[in-house]
Amino acid sequence: MTPLTTHSTFLGNVTEKYWKLFCKLPDIYTQFRKVVEGQGRVRPVLSTPEQVKALPLGLDEGTIPTFEGLGQTEPVEDFRSAFPCRGGETEALARLKHYFWDTNAVATYKENRNGMIGVDYSTKFSPWLALGCISARYIYEQINKYEAERTTNQSTYWVIFELLWRDYFKFVGLKYGNRVFHMNGLQDKHVSWKTDMTLFNAWKEGRTRVPFVDANMRELALTGFMSNRGRQNVASFLTKDLGLDWRLGAEWFEYLLVDHDVCSNYGNWLYSAGIGNDPRENRKFNMIKQGLDYDNNGDYVRQWVPELQGIKGGDIHTPWTLSNSALSRAQVSLNETYPSPVITAPEWSRHINNKSSGPPAKGRKGSSYTPRQHKDRGTDFYFSKNKSF
C-alpha cells in the first residue's frame, strides 16, 4: 500500500495538498475522533446522475468471470448465516431502509451490536461499504434524517462512531503505507511470533476445541461473515493464546470475509496483536468469560458446533470440565466426539464455576443478550490485563 493521490473516505477526498497533514495523524483513535467531531465536516452526498456516458466505440467489455474460471466453486447458502443478503446498491439501500425506517433497529444498535445470532443485531452495512455499493456519507445523511424525525440517542451516534473508525484506519494506511503488512507492525515491535501450521489449521478450521472460538471460525468458513465480537475473540486467541503470527489470521480473514476491507482488516489485526494503534499493552480476551458474557446460554455455540448440542446452558463453553456422567447424558465423548482444547489459559478457571446452566437471569433477553458496557471499555477492542474480560 503506497500513498495515494486521491483516496475517497467518509470525510472527503485525500489529495497531495493534504498529504502532509495525514503524516501527523494521531496514533490513537480517540485523539483523532475528538478532533474530527469538533472540527470535521462531512461533505454532502452527490446527486445521482440521470444518465451516464456511453462506453467508447470499439471497447470490448469482455465477459464476467465465472467461479470456475477463478478456481472457485459456487457459494453454498447456509440458513444459519447472520448475513443472508445479496450484493448491489439496491440491496444496500433496502437493508438501510429495513434497519432504520422499517424496524427502528438503529435506535438500539449500541445495546445489541455485540450480538451473535440473527440479522438485525448490527447494521450489517460493512459488506456493501467495502464494495462501494453504499457510501458512508449516505449512511450519515440518513442518520441525521432519522435523528431529526425519530430519535437521537447513543445508538444513532454509535453508528457514526463506527464509520469514523473505518475512516481512521484508511488514514492509518495512508500514513504508514506498507508497514501495515509488516510483522513488527506500526510500532516496529519485535514479538516472537510462531508459525506452527498445525495450530493455525486447527484455528482456521474451527478445531481448537475451545467451543466459542470454534463456533466463530466455522461461521466464517461457511458464510464469509463473523460478528464483531467474534472477530475480536478469535484474533485475541490466535495472537495471545496461541502466539501465532498475526498475519496468518489477517490473511485468512482477507480470503474469506465478504466484507473485507484492507485497511480495516489489517488495522484491526495490528490492534489485536498489540503492534498497531493501541495505547495500552498486554490486551487479552478471556475466552470463557467472553463466551459466558455474550452467549450465556450457549445457543450460538450449539448452532455452529453440533457435536456439542446435547450440553445444556453455559456448560457448553467448557466441555472438558464436565463429569463423565454429564458428558454421557449429552452424548459427548471427550477426546473422541470433541477432543480437549489445543491450549488452556490459567485465567479461564476463574469463570468455569460461574456458568449458566438454565434460563437467562431475570431481565436478560436470552443468548444474544449483551451486558451493559462498562464506561472504560471505550471501543470494545482490547482491555487492560488487570481486568477480567
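Helices here are DSSP runs of H or I with at least four residues, strands are E runs with at least two, and both are numbered from the N terminus. With that in hand, welcome to this predicted model. The chain's secondary structure amounts to 16 helices and two strands. Of its 389 residues, 50% are buried. Among contacts with a separation of 6 or more, 75% join residues 24 or more positions apart.

**Helix α2 against helix α7**

- Helix α2 (residues 29-39) and helix α7 (residues 154-176) cross at roughly 115°, and their axes come within 10 Å.
- The range for roughly perpendicular runs from 65 to 115 degrees, and α2 and α7 are therefore described as roughly perpendicular to each other.
- The crossing that α2 makes as it passes α7 is right-handed.
- From α2, the contact draws on Tyr29, Phe32, Arg33, Val36 and Glu37, which meet Tyr157, Phe161, Leu164, Trp165, Tyr168 and Phe171 of α7.
- Sorted by class, this contact of α2 with α7 holds nine nonpolar residues, two charged ones and no polar ones.

**The two sides of α2**

- Tyr29, Phe32, Arg33 and Val36 are the buried residues to look at in α2.
- These residues are on the same side of α2 because they cover an arc of only 100° around the axis.
- As background, an α-helix has 3.6 residues a turn, so residues three or four places apart point the same way.
- The buried residues of α2 pack against α7, while Lys34, Gly38 and Gln39 are exposed on the other side of α2.

**Helix α3 alongside helix α6**

- The axes of helix α3 (residues 89-102) and helix α6 (residues 136-149) come within 11 Å, with a crossing angle of roughly 25°.
- That angle makes α3 roughly parallel to α6, since angles under 35 degrees are counted that way.
- α3 and α6 form a right-handed crossing.
- On the α3 side, Leu93, Leu96, Phe100 and Trp101 take part; they meet Tyr138, Ile139, Gln142, Ile143, Lys145, Tyr146 and Glu149 in α6.
- Eight nonpolar, two charged and one polar residues make up this contact of α3 with α6.

**Helix α11 and its surroundings**

- Helix α8 (residues 197-204) packs with helix α11 (residues 246-256) at an angle of about 35°, and the two axes are 11 Å apart.
- α8 goes past α11 in a right-handed crossing.
- In this pairing, Phe200, Trp203 and Lys204 of α8 meet Leu248, Gly249, Trp252 and Phe253 of α11.
- The contact of α8 with α11 divides into five nonpolar residues, one polar and one charged.
- Buried in α11 are Trp246, Leu248, Gly249, Ala250, Trp252, Phe253 and Leu256.
- The cover over these buried residues of α11 includes α8, α9, α10 (228-241) and α12 (262-273).

- Most residues other than glycine have a negative phi, which is the background for the next two residues.
- Lysine 124 has a positive phi, near 65°, although it is a residue other than glycine.
- The loop between α4 (109-112) and α5 (126-131) is where lysine 124 sits.
- With a relative accessible area of 2%, lysine 124 is buried.
- Arginine 209, also not a glycine, has a positive phi of about 70°.
- Arginine 209 belongs to the loop between α8 and α9 (211-223).
- Its relative accessible area of 23% makes arginine 209 partly exposed, a class that lies between the buried limit of 20% and the exposed limit of 50%.

- Tyrosine 176 is part of helix α7.
- Tyrosine 176 counts as buried because its relative accessible area is 14%, and the buried class is anything under 20%.
- Not counting residues up to four places away in sequence, tyrosine 176 touches Asp27 and Leu186.
- Ten residues separate tyrosine 176 from leucine 186 in sequence, and their C-alpha atoms are 7.2 Å apart in space.
- Glutamate 347 lies in the loop between α15 (324-329) and α16 (349-352).
- A relative accessibility of 15% places glutamate 347 among the buried residues.
- Apart from its neighbours within four places in sequence, glutamate 347 contacts Asp241, Lys284 and Asn286.

Methods. Residues numbered from 1 in each chain as written. Predicted model: local features only at pLDDT ≥ 70, side-chain atom pairs only at ≥ 80, totals over all residues. Heavy atoms only, no water. Axes fitted to C-alpha atoms, helices over the stretch in contact; angles between N-to-C directions. Left-handed = near helix turned anticlockwise from the far one by under 90°. Contact = heavy atoms within 4.5 Å. Nonpolar A, V, L, I, M, F, W, Y, C, P; charged D, E, K, R; others polar. Parallel < 35°, antiparallel > 145°, perpendicular 65-115°, else oblique. Buried < 20%, exposed > 50% of the residue type's maximum accessible area, 1.4 Å probe, protein only. Arc of directions from axis to C-beta.
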